[in-house]
Each structure stands twice: as structure tokens, then as C-alpha cells.
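The sequence and the structure come next.

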Amino acid sequence: MALLEVRDACVRFAGLVALDGVSLSVSRGEIVGLIGPNGAGKTTLFNTITGLQHAGGGRVSFDGRDVTALSADRRARMGMGRTFQTPQLVARLTVYDNILLGCQARMRNGIFADGLRLPSSWRNEVLARREVDRVVASLGLGEHVHRGVGELPLGGRRLVEIARALCTNPRLLLLDEAASGIGREDAGGLAQLFRRIRREHDLSMLVVEHDVDFVLSLCDYVYVLDFGRVIARGTPDVVRSDPAVITAYLGEEVPRAAAG
Amino acid sequence: MELLLATLVLGVVQGAVNALLGMGVVAVYRGTGVINFAHGAMAMVSTYVFATMVDHHAPSFLGVPLAAVVAVLVGIALGVVVDVVVMRPLARQSALVRIIATLGVLYVLQSLAIIAWGGATRAVPQLFPQGGHAIGPVDVSDNEIGIVVVAVLIAAAVTLFYHRTRFGTAIRAVSNSREAATLSGIRVKWVTAASWALGGATGAVAGMLVAPSLGLNSYILTLLVIQAFAAALTGRLESMALALAGGVGLGVLTSVAGTYLEQWLAGHPLSWINIGNVGNGIAFLWIIALLLAWKRPATTQTAASQGMAL
Amino acid sequence: MIAAAPRDAVDRTVRAVLIGVFVVAALVAPSMLSASNLYLLSAGLAYSLAVLSLVVLVGLVGQFSLAQAAFMGVGALTAGHLVSDAHVPFLLAVPLGGLAAVPIGMVAALPALRVRGVYLAVATLSFGQALDTLFFHTAVNGGSAGGGVPLPRPAALSGAVGYYWFELAVLLGCIAFVCMMRSRRSGRNLAAVRDSEAAALSVGISVVWAKVGAFALSAFIAGVAGVLYAGLSEVASGASFSSFDSISLLAVGVIGGLGSAAGAVIAGVLKTMAPVLIAKLPGVASAGELVGVVFGAGLVLQMMTAPLGIASKLLDGERALAARVRTAVVHRQRAAADRAAEVPG
């Protein structure tokens with residue numbers, strides 16, 4: 001059974017149809033890509049999957065469970081990690097503390113224990129820091145961890161978001177335009193990083209990207225969204241030659257060479 | 001049955017004042033995006049001016065009407081002063097900052113009122129002559145009829161103003177989009193000033209209508225802003241008609257609860273509660289219910305805006 | 001002290017020195033002040049604690065409340081009944097008063113689950129007003145004349161100076177609690193909820209419970225503040241905890257700075273000591289209601305300039321001091337290194 005199943009998701013904003021019956025599935029261990037022109041509904045679909053956006057219709061199931069009615073934080077605790085198109089970091093915390101946020105849903109110490117620094121507070125803090133150290137080392141963020149997040153360039157902030165999401169021990173990682181701004185020399189390096197993350201953390205990925213070539217080279221399966229509908233789907237080879245995709249991108253400037 | 005009818009009449013009269021106060025809050029919100037915590041305090045100051053004028057000119061034929069006109073003018077002036085002195089310097093700040101500033105205005109006006117007129121509660125003469133009618137089994141005073149008629153007339157006038165005059169259309173345009181309104185040549189400054197003036201004027205009228213029955217001191221009217229919010233939130237701070245309905249509904253509910261809870265609770269262990277002030281409890285429940293029924297949770301709204309910004 | 005956490009050894013040293021200076025000043029204050037001013041300063045410490053409860057909400061999690069005085073009232077009246085009716089020791093009644101305010105605070109948090117910011121201010125104002133008018137002036141609580149419930153202090157705390165020290169200890173304890181909480185999981189959760197609810201949700205933090213927890217802690221601190229305030233006059237009177245007191249707390253809090261514990265201390269002391277200063281102005285017989293005008297205008301002015309309060313200036317000063325210390329340290333190390341280099345040569 002697929003890890004993530006979306007069936008006929010519909011979302012409307014004040015008369016505007018953002019998602020019009022989108023269905024999609026991600027199997028275990030798979031990297032699935034989501035492409036489409038600006039305004040196609042990619043981020044809305046992400047928000048619907050993760051629970052930040054109420055679906056007007058349709059259902060979302062995760063790991064065999066219907067999660068349509070569950071709140072976003074419940075879904076995150078079930079193993080959905082995500083990043084945001086505009087990185088959502090806590091400006092007042094350091095890079096390290098931002099990444100620590102990823103561990104916090106699993107920690108049980110509350111205000112009382114933290115305010116009095118009870119043993120449970122120390123124990124959880126130590127465990128969480130160990131986890132963060134591991135992820136930080138794995139992503140090569142070591143030199144930046146004690147800076148403020150405001151001092152980082154866009155790419156750095158995206159990496160911090162990925163690190164934070166990885167600390168939640170996700171089984172599905174949803175990356176919203178994670179490649180733009182990361183500034184690897186080539187898309188190949190980034191694709192390698194993503195594959196390594198999949199292997200080391202044993203997870204599936206759903207990836208929204210602007211760079212079509214990058215998605216086609218990285219993903220096992222690709223969905224193409226336009227005007228809130230899936231206009232094409234299949235393996236990268238199938239999608240590449242799909243006439244509907246070519247039409248959708250006609251006139252749209254596809255940043256072919258702009259890797260990252 | 002008689003008790004119920006009398007209770008309902010009392011509720012409608014109270015509610016008319018709530019509605020009028022709520023409409024003042026809506027007027028300011030629509031024109032400026034500010035929720036005016038000082039609405040009650042401004043009404044209180046205008047009402048003090050009214051009462052003081054009547055003290056000095058009561059014997060003359062025009063005493064009360066003249067004082068009422070002056071009080072409304074004071075209300076308008078107060079609104080404009082708040083707009084020019086406090087709100088304009090804050091024009092670039094967030095709505096929240098401007099709203100907190102209205103708390104400062106409330107604090108200043110309330111303290112000034114005590115300095116100027118003392119802290120004791122005083123009586124205020126009624127706007128309408130003594131007398132009454134028996135409507136069915138219930139006696140309704142002219143004053144009560146007057147309050148409801150004035151509230152309805154002002155509601156009608158304000159609605160006509162918004163929908164039938166050029167200036168009203170301008171205000172509605174600004175409340176939809178400040179930028180677009182500016183581009184289409186509407187003078188936003190005049191719109192905000194007029195909204196504050198309208199708030200001040202309706203507040204003054206509401207204060208004069210309600211003070212004879214509540215008594216006047218620096219805090220009773222100031223805190224009526226809570227009832228005003230309850231009424232205004234009924235129409236999501238946008239709809240005058242719903243604010244009117246909400247105000248009246250709140251008044252009726254308060255009156256009914258006050259009458260029957262007191263009977264029901266007599267001798268009950270809970271009777272130590274000050275049931276006479278049940279209106280404040282009802283206003284709180286009213287506000288909570290409205291806010292919890294707010295269609296989308298706050299988080300989905302942020303998410304939705306992100307979704308829009310694909 | 002909440003706005004900027006110390007980052008290195010120099011920061012920490014400077015912070016420790018400043019806190020030391022504050023504590024020493026607070027300890028010698030009783031011997032410098034007249035009896036009436038010491039009374040006012042003691043009231044100021046209770047208000048500092050009340051403003052700290054507002055700092056937890058506004059500064060840490062970005063929520064608003066105009067019901068803090070009502071939380072104080074619940075704490076004070078509960079403690080009064082516990083001590084004078086149930087003969088609970090005063091020292092035990094202090095935390096119990098705070099605990100009594102916790103469920104009340106959680107009710108006030110209800111609308112925070114759906115709305116935030118200004119709507120929360122509206123809801124909490126109406127909540128505080130309902131508590132005040134429905135419960136605080138009943139016969140049980142001393143009646144409408146403001147008689148109140150007796151809250152006698154124990155013999156050990158009966159002296160003015162002794163009680164002042166007790167209040168100071170409670171205030172510092174609560175500040176320490178809030179600061180320690182802030183740099184751990186709970187504090188980071190609150191920061192996340194404040195800055196980006198989407199981010200908080202995406203890592204599985206329950207925004208609802210973060211807010212409810214913050215309100216519970218805030219109500220506890222406010223409740224304790226209410227007990228301390230009532231303990232000063234040895235009577236818990238609902239008349240001291242009206243909606244205007246909540247507005248007043250917000251006003252002085254904003255003037256002092258709601259982003260830091262330092263701001264809370266400044267704000268509380270300002271609330272009771274500013275009238276003394278105002279009364280000294282030429283042509284002013286007594287401060288009276290002029291205080292309200294000053295605080296209200298101060299709130300408006302603070303909004304116009306920078307809504308960060310006096311404490312932000314203090315923290316700027318601290319940062320400047322730390323920078324100078326750091327430069328001096330570097331100079332000395334360099335000089336020492338130069339000397340060390342000269343020795344072999």
C-alpha cells in the first residue's frame with residue numbers, strides 16, 4: 001500500500017479554484033516529483049497534504065490511515081516532515097535551536113520541568129542535542145549552527161529547514177522548492193544529497209521544484225499540475241514526452257539551465 | 001407573561017443602545033481598520049459635557065436639546081482629534097499597534113474625566129419628556145420609545161449614508177482596499193477622519209441615551225465598549241445591520257437572563273454571584289461564541305495566504 | 001533578560017554583573033526609603049510580577065491579555081479565603097492562589113485557539129470584566145464597599161522590610177523560572193508559535209497546547225502577584241483588580257518593555273513610584289489621576305516611537321558595555337601575546 005494517498009482533493013479560495021480533484025500517491029522509499037507552472041496549485045496541495053489547508057473535498061490518507069480530519073501537528077507527529085517555499089524559521093532562535101524544534105514533538109518535558117530544570121528536562125535536552133548534532137554533521141551545517149538564522153543566505157535557511165524536518169524522524173519528507181537558493185554547483189550534487197537523505201533516513205519524498213530537468217533527473221515518478229488539476233503523470237521518460245506537459249510549459253519560461 | 005413582556009421591552013431598549021454603540025465601533029473599523037477600545041470612553045466624555053451643560057442651562061427652553069447638540073459636536077471633535085493626534089502618526093504601523101494606542105486613549109480620557117468631573121456617580125436628565133403609554137399589559141415610557149426610535153433612525157441614516165452618498169461609497173471603497181482607493185483619487189485622510197467623527201457622534205448619542213438609566217461616572221460608560229464589541233463582532237465588525245441585530249439580541253438576552261436567573265437562583269448556593277451584573281457574563285459568552293465560530297482557524301488563514309501566493 | 005540571551009563568556013559576565021548590581025540595589029533600597037515609599041516599592045514588586053505574567057504572553061508567545069488583573073484577583077481572593085477561613089498558612093496560600101488562577105487562565109485562552117492579537121484583547125477584556133463584576137464584589141468577597149477578605153501575614157513576614165524581601169525573593173524566583181523555561185523545549189515551542197505557527201505545526205508542535213500552557217503559566221504568575229499585592233495591605237479586595245487595572249498593567253508594561261523580565265521589573269516599579277515623582281513636579285499638589293494621563297499618553301507615545309519599551313534601551317546599553325569589554329579583553333590578550341613574543345627574543 002502507498003505511504004501517502006490523496007484522493008480528489010479540492011480547495012477553493014473565495015471563488016477561485018486552487019485544487020480541482022487532485023489524486024496522487026507516494027509509495028514507500030519513492031521520490032515523487034510535482035511540477036507545474038506558477039499558480040498551478042503545488043503549494044496548496046502541499047498545505048492540503050500536511051493539514052495547513054482544509055480540503056474542501058476529497059481525502060488524504062497517510063500510512064493507511066485517513067488523516068483528512070487531523071490537525072497539521074498530528075500529521076507531523078505521524079511522520080510528515082516538510083519545508084516551506086518561503087523558509088519558516090524562528091528568527092529569534094539560533095540555527096541550532098531552530099533545528100532542535102524538530103525534536104520537540106517527541107520530548108515530553110513541559111513548562112514546569114523546564115522552568116525548574118528537573119531531570120527530565122536535562123535528559124530530553126541531551127538526547128535531542130545528540131540527534132541534532134548527527135543531522136547537522138550529515139548535512140554539513142556545522143560551521144553555521146550558532147549563528148542567527150537571519151544571517152544565513154536563502155540556501156542556508158533551506159538547509160536548516162530540511163535539517164529541522166529530518167529531526168522529526170519523518171517517513172515522508174515534503175520539500176517545497178528546496179533546490180532554489182541552495183547553491184550547489186550543479187543539480188547533480190543536490191540530487192545526490194536528496195538520494196543520500198532518502199537512504200540514510202529511510203524515507204519517501206514528495207518534491208516540488210521549479211526546475212523541470214532537475215525533477216526529471218531526480219524522481220522515480222512525476223505528477224504535472226496545471227490550474228489545480230493533474231494534467232500528466234508517469235515516470236520521467238513518460239512525462240518528458242507528454243504533449244500536455246509541453247503545452248502547459250509553452251510560453252512559460254522554463255529555467256532549463258538554471259540549476260539551483 | 002407580563003413579566004416576560006416587560007423584560008423583553010427592557011431588553012430591546014438596552015439592546016438599542018448596545019446596537020448604537022456597536023455601530024460606532026463598526027464605523028471606525030470600516031473606515032480605518034482600527035478596533036476602538038476608547039469608544040466607550042469617548043461616549044463618556046461627550047455625556048459628561050451634556051450633563052454639565054444641562055446643569056448650567058436647564059431652566060431655558062432649549063437647554064436639553066442644545067446640550068445634546070453640543071455633546072454630539074464634542075463627540076465628533078473627539079473622534080477627529082484622536083484621528084489626527086494619535087492615529088495619523090501611527091498610520092504606517094500595524095493595526096495592532098494602532099489598536100493598543102486606543103487603549104492609551106481610553107486610559108487618558110478616563111483619568112481626565114475623573115480630574116474634571118470627579119469620581120462619584122451622578123444623575124443625568126433624560127433626553128425625552130416624562131410620560132408613557134400602556135401597550136397591552138406593559139407600560140412603556142416615552143423615554144424608552146425615544147431611545148429605540150433614535151437608534152433605528154440613526155441606523156437607517158448611517159446605512160443610507162454608506163450606500164447612497166458618494167462619501168459613503170468612498171468609505172466602503174477604503175475599507176475594501178486602501179491602496180486601490182488611494183489610486184482612484186479618494187482622499188483616505190478624509191475618510192478616516194469622517195469615520196472617527198461618525199464613531200464619536202454615534203457614541204455621544206448612545207451615551208446620552210443610556211446614562212439616565214445607568215448613572216454617569218468615568219468607568220460605567222467606558223466599559224460599555226465591551227457590549228459595543230459584542231454587538232459589532234456579530235457583524236464581523238463589517239455589517240451595520242448585523243451589529244444592530246446583535247446589539248438588540250444581546251440586550252434582550254441580558255434582560256431575560258437578569259430577570260429569570262435572579263428568580264431561579266434565589267436561595268440557591270450559587271446565589272452569592274452578583275446576578276445584577278450578568279450582562280457582563282453574557283457579553284463575554286457572546287464574544288467567545290462569535291470568535292470560536294469564526295470560520296477558519298487562524299493557522300489555516302496564514303496557510304491559505306501562503307497558498308494564494310503560489 | 002528575555003529579549004537577548006547571552007552568547008559568550010563576556011556577555012554572561014556582563015549580564016551577571018548587571019544582575020548583581022540590581023540585586024544589591026534592591027537589597028539596600030529598604031534602608032534608603034521612607035516607610036511610605038517602601039510600601040509603594042513593595043506594591044511595585046507585586047506589579048512587577050504581574051507584568052512578568054504579561055511578558056510570558058506577549059513577549060514569549062505573542063498573545064494578548066487584558067484579564068491579568070482578574071487573574072490577580074482570583075489569586076488574591078482565593079488566598080484570602082484559604083488563610084482566613086481555612087487557616088492555611090500564608091506561605092502555602094501564595095502558590096495555591098496562583099494555582100487557583102490557572103484554570104481561569106486556561107478559560108481565557110479559549111479564544112486564542114481560533115483568533116489572536118486584538119480579538120484576544122477584546123475577549124480577555126470582557127472575561128476580566130465579567131469576573132470582576134460577577135464575583136469580586138459579592139458579600140462572600142467583602143461586599144461592594146470594597147471591604148475585602150482579610151489576608152493576614154505570618155509573624156515572620158509581618159514587618160515591612162521582611163515582606164519586601166519575601167516579595168523580592170518570589171519575583172526573582174519567578175524570573176529565574178521563566179528564563180530557564182525559555183531556553184528549553186517549552187520556551188522554544190512558544191517562540192516557534194509566536195514567530196511562525198506554520199513552522200510550529202510542521203514539526204508537530206501543538207499550537208493549541210503551547211498557547212494554553214502559556215496562559216496557564218501567565219495566570220499562575222499573575223495569581224501569585226495578586227496574593228503578594230493583597231498580602232501587603234493584609235486584605236484581598238476585589239476593588240484592586242478591575243479591568244482598568246488590567247489596562248494599566250498593559251500600559252506600564254509596554255512603557256517598561258514587554259519583551260524582557262527587566263522590562264517587567266521596570267514597569268512594576270514605575271507603576272507605583274512614578275506617582276511619587278509626578279507629585280514632585282512644580283504646580284502638582286498630588287499625582288492622583290494625573291498618573292493615568294501620563295501612563296495612557298506614555299502608551300500612545302511608546303507606540304509612536306518604538307514599541308519596545310525602556311528595557312530595550314537598557315539592553316542596548318548592556319550590549320554596548322559587552323562590546324567595550326570584549327575590545328578591552330582582545331587588547332589585553334594581544335598585549336600579553338606581544339610580551340610573550342618578546343621574551344625569547
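## Nonpolar core

A nonpolar core is taken here as a set of buried Ala, Val, Leu, Ile, Met, Phe, Trp, Tyr and Cys residues that are joined through C-beta atoms within 7 Å, where a residue is buried if 20 or more other C-beta atoms lie within 10 Å of its own. In this predicted model, the largest such core has 298 residues, and those with the most contacts inside it are Leu49(C) and Leu52(C). Helix α9 of chain C, spanning residues 207-233, supplies the largest share of this core, with 17 residues.

Once neighbours within four places in sequence are set aside, Leu52(C) is in contact with Cys174(C), Ile175(C), Val178(C), Ile221(C), Ala261(C) and Ala264(C).

## Contact between chains B and C

Between these two chains, 43 residues of chain B are in contact with 44 residues of chain C. On the chain B side, the elements that give two or more residues are α4 (95-117), α10 (225-234), α12 (278-292) and α13 (298-308), and the largest share, 16 residues, comes from α4(B). By residue class, this side of chain B divides into 33 nonpolar, 10 polar and no charged residues.

## Sheet of chain A

In chain A, 4 strands form an open sheet with antiparallel pairing, in the order β2-β1-β4-β5; β2 (16-26) and β5 (65-66) are the edge strands, each pairing on one side only. Strand β4(A), residues 57-62, pairs with β5(A) over 2 bridges in the antiparallel sense, and Phe62(A) stands opposite Arg65(A) of β5(A).

Helix α1 of chain A (residues 42-50) lies across β1 (4-13), β2 and β4 of that chain, and runs at about 120° to β1(A).

How values were computed:
Residues are numbered from 1 along each chain as its sequence is written. Chains are lettered from A and ligands numbered from 1 in the order in which they are written. This is a predicted model: local features need pLDDT of at least 70, side-chain atom pairs count only at pLDDT 80 or more; totals for chains, interfaces and linings use all residues. Two strands pair if DSSP finds at least two bridges between them. Two residues are in contact if their C-beta atoms, placed from the backbone, lie within 7 Å. Axes are lines fitted to C-alpha atoms, for helices over the stretch in contact, and angles run from 0 to 180 degrees between N-to-C directions. Ala, Val, Leu, Ile, Met, Phe, Trp, Tyr, Cys and Pro count as nonpolar, Asp, Glu, Lys and Arg as charged, and the others, Gly among them, as polar. A residue is buried if 20 or more other C-beta atoms lie within 10 Å of its own, exposed if 12 or fewer, and partly exposed in between; C-beta atoms are placed from the backbone.
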